[in-house]
Amino acid sequence: MPDLLSAAAPVPQAPLAERLRPRTLDQVIGQQHLLGADKPLRAAFESGQPHSMILWGPPGVGKTTLARLMADAFDAQFIQISAVLGGVKDIREAVEQAQVARSMGRQTIVFVDEVHRFNKSQQDAFLPHVESGLFTFIGATTENPSFEVNSALLSRATVHVLQAIGPDDMQALLDKAQALLNSPGLTEAARDRLIGYADGDARRLLNTYENLVRMSGPQGVLEIDEAMLERSLGEQLRRYDKGGEQFYDTISALHKSVRGSDPDAALYWFVRMVDGGVDARYISRRLIRMAAEDIGLADPRALRLTLDAAETYERLGSPEGELALAQAVVYLAVAPKSNAVYAAYKAVRAFVKQDGTRPVPLHLRNAPTQLMKDLGYSKGYRYAHDEEGAFAAGETYFPEGVEAVTFYHPAPRGLEIRIGEKLEELRQKNEESRKKR
């Protein structure tokens, strides 16, 4: 097995991120849950036998680097395909190159970046060659492979989950970059701000730092402070401390503005988040949560409208899709508010946790077989649709030994006014029926 792991040095004119790309496994910063002693990827490198895998993780965490290092480790031909730009033709060419390499006694690793962008037939094209051992397949994706990678291909590959680069490792990367460029250091505040902006993406950190050094002004600057950082990077940096306290404070402000029925303030915080570079899909998820938590059944349309806005953003992207999200923000803010379902859900969770597991009453059990019927399953169950008003007055649905508990208390707002009236009517019918027994 070749030495772990040598690679040609980058050219001096290459971007900083490329010049600092690890050339050996031990130079990799981060991912110690996979690369530490006796960890899965370390074991794969040391085994002498590569295996097909999916590397799943956010951008800039080393997926491509690990694939290249694996090719070096096994002296394998490395073929990289971009699923964004490539197609079946590229797959066919990769197969031909792998066949040539095998005839010369050399292994091949085919690395597919953004593999989730390939459709089902394109992904299926890899299957026979992975099964035959013609090449080792490595796919990289930022999306959940359970949903984006064909099950047939997924079953033939091990999924390794990569994590965003932590602050300490990002600081170590900055130290390496500073040494390589022989550039001024950063104040603690500027360093923290830059690391927060990079948001766990090493490539973004290094590209931004390289631009910062290039734009930081005249020679002789001993230290780059936060003000210089903002002047140099301007629109790139914004005012947003992504991943830091300000990030969560701004999300909180948006949520509280919606809950407080202030559409103007809600729009303001929404635009602040968008302007600060927050992924709009993250904002979408938070809005969906608000629709369920703070509006609920007071206006069930709110959840559907918010889901539609999220889907619209997925189709249109930025900036066009952001208008649909803004529409959802305003609708949620002006909608009648109710956390009754949210409160009921939490109350039931607490009740179940302390009460334990009780058996399902026999009359509520399903009885698909004769044996179950003989055992009394479903006996005495009253089919609601056969009763007056499609309501089996007096019937009980809680487990035996549990008194009927009212967890859900509709709010006197929006549709829940009518829901409350309906439930009160049904409770009265239950009481009247039980008094007759």
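**Helices and cores in a predicted model**

Ser146 counts as exposed because its relative accessibility is 54%; exposed means over 50% relative accessible area, buried under 20%, and partly exposed in between, using a 1.4 Å probe and protein chains only. The model is predicted, so local features need pLDDT of at least 70 and side-chain atom pairs count only at pLDDT 80 or more, while totals for chains, interfaces and linings use all residues. Residues are numbered from 1 along each chain as its sequence is written, and side-chain values use heavy atoms, with hydrogens and water left out.

Ser146 lies in helix 8 (residues 145-148). Helices here are DSSP runs of H or I with at least four residues, numbered from the N terminus. Leu181 is 35 residues from Ser146 along the chain, and their C-alpha atoms are separated by 41 Å.

Helix 11 (residues 188-198) is mostly covered, with eight of its eleven residues buried. Among them are Arg191, Leu194, Ile195 and Ala198. After the helix comes Asp199, which has a positive phi near 55 degrees.

Helix 11 packs against helix 10 (residues 167-181). Two packed helices are described by the angle between their axes and the distance between the axes. For helix 10 and helix 11 the angle is about 115 degrees and the axes are 10 Å apart. Axes are lines fitted to C-alpha atoms, for helices over the stretch in contact, and angles run from 0 to 180 degrees between N-to-C directions. The two helices are therefore roughly perpendicular to each other, a label for angles of 65 to 115 degrees. From helix 10, the contact involves Pro167, Met170, Gln171, Leu174, Asp175 and Gln178, and from helix 11, Arg191, Leu194, Ile195 and Ala198. Contact means heavy atoms within 4.5 Å.

Leu205 also meets residues of this pair: leaving aside neighbours within four places in sequence, Leu205 is in contact with Met170, Leu173, Leu174, Leu194, Ile195 and Ala198.

Leu194 and Leu205 both belong to the largest nonpolar core, which has 45 residues; with Leu41, Leu66, Met70, Ile138 and Tyr209, they touch the most other members. Helix 4 (residues 63-73) supplies the largest share of this core, six residues. A nonpolar core is a set of buried Ala, Val, Leu, Ile, Met, Phe, Trp, Tyr and Cys residues joined through side-chain atoms within 4.5 Å. A second, separate core has 25 residues, including Tyr313, Ala326, Ala328 and Leu332.

Notes. Angles under 35 degrees count as roughly parallel, over 145 as roughly antiparallel, 65 to 115 as roughly perpendicular and the rest as oblique.
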